[in-house]
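I opened the model to look up a few points. My notes are below.

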Amino acid sequence: MSVFAEAGIQFSVITPDRTEEVLQLMAINFFPDEPLLRSIGITRNSLMDSLIGEAINGGSCVMATNSSGKIIGVRLTEIYDKDDGFKKNFERLLMCCLPCMGRIAKILRKPVLRKSCKVFDALLSELDYDVWTLFDKFGCQKILSDVCVCTSKDARVKGLGTELVKQGESVGREKGCDYSVNLVTGLYSGKIFREKLNYTVRNEVFYARFIDKDGKLYLNDTREHLSFFSCHKKITE
């Protein structure tokens, strides 16, 4: 029997009716600590609720529940299909519009939106991160793409985050994904992917060197977190 089973912890795919519980978990245990969101000033909002809800509706997200049925951790992912032209074109258009959206946010005096556009545009550029370019590189049809991994501060179960990622990989395999790709921004999730699960790091940028054209830091509240990186791993044999 595994340490998780002994502790009464079960893993299962998140169903849409548990979405609000997931959002509450993340509002307490993810948004305040994730270095990008904290530095920008993003907290739980309707847009984040919608994006997370969309990921859950996709059917590839995994939750860990304790013996009382309470959610104590989640692994959120999305499945990308090479032939999903609508999603590809929409995301490409959105990425191209980030600078323009940032300028509009400045005019409308929306500082959080403006900084969000500026930071994510720079981050994706620095990492050369685009899932759609990886299908030909990997020679596959479907890719399991990272949204986040989050565990409750009260869970106190060693290895829970790592096991959630493993469970997510298993769901991805069942749904036809050959690779898992991730954009990792935190120190602790970084240890999961790089050290414990042997993901291959593609590109990495240190927060201390993540600066704009004026030499100013994009993010000024990253605390103990040192870098962000993109990584991948083949999850099928």
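I am working with a predicted model, where local features need pLDDT of at least 70, side-chain atom pairs count only at pLDDT 80 or more, and totals for chains, interfaces and linings use all residues. Residues are numbered from 1 along each chain as its sequence is written, and side-chain values use heavy atoms, with hydrogens and water left out.

I took helices as DSSP runs (H or I, at least four residues), numbered from the N terminus. I then checked burial (buried is under 20% relative accessible area, exposed over 50%, partly exposed in between, 1.4 Å probe, protein chains only). Buried residues of helix 8 include L160, L164, V165 and V171. G176 follows helix 8 and has a positive phi, near 95°.

**M95.** I found M95 in helix 5 (residues 85–107). M95 is partly exposed, at 34% relative accessible area.

**Cysteines.** How many disulfides does the structure hold? I count 0, a disulfide being a pair of cysteine sulfur atoms within 2.5 Å. For C61, the closest cysteine sulfur is in C148, 8.2 Å away, so too far for a bond. C61 is buried, at 0% relative accessibility. For C148, the closest cysteine sulfur is in C150, at 6.0 Å, also too far for a bond. C148 is buried, at 5%.

Methods. Helix = DSSP H or I, 4+ residues; strand = E, 2+ residues; numbered from the N terminus.
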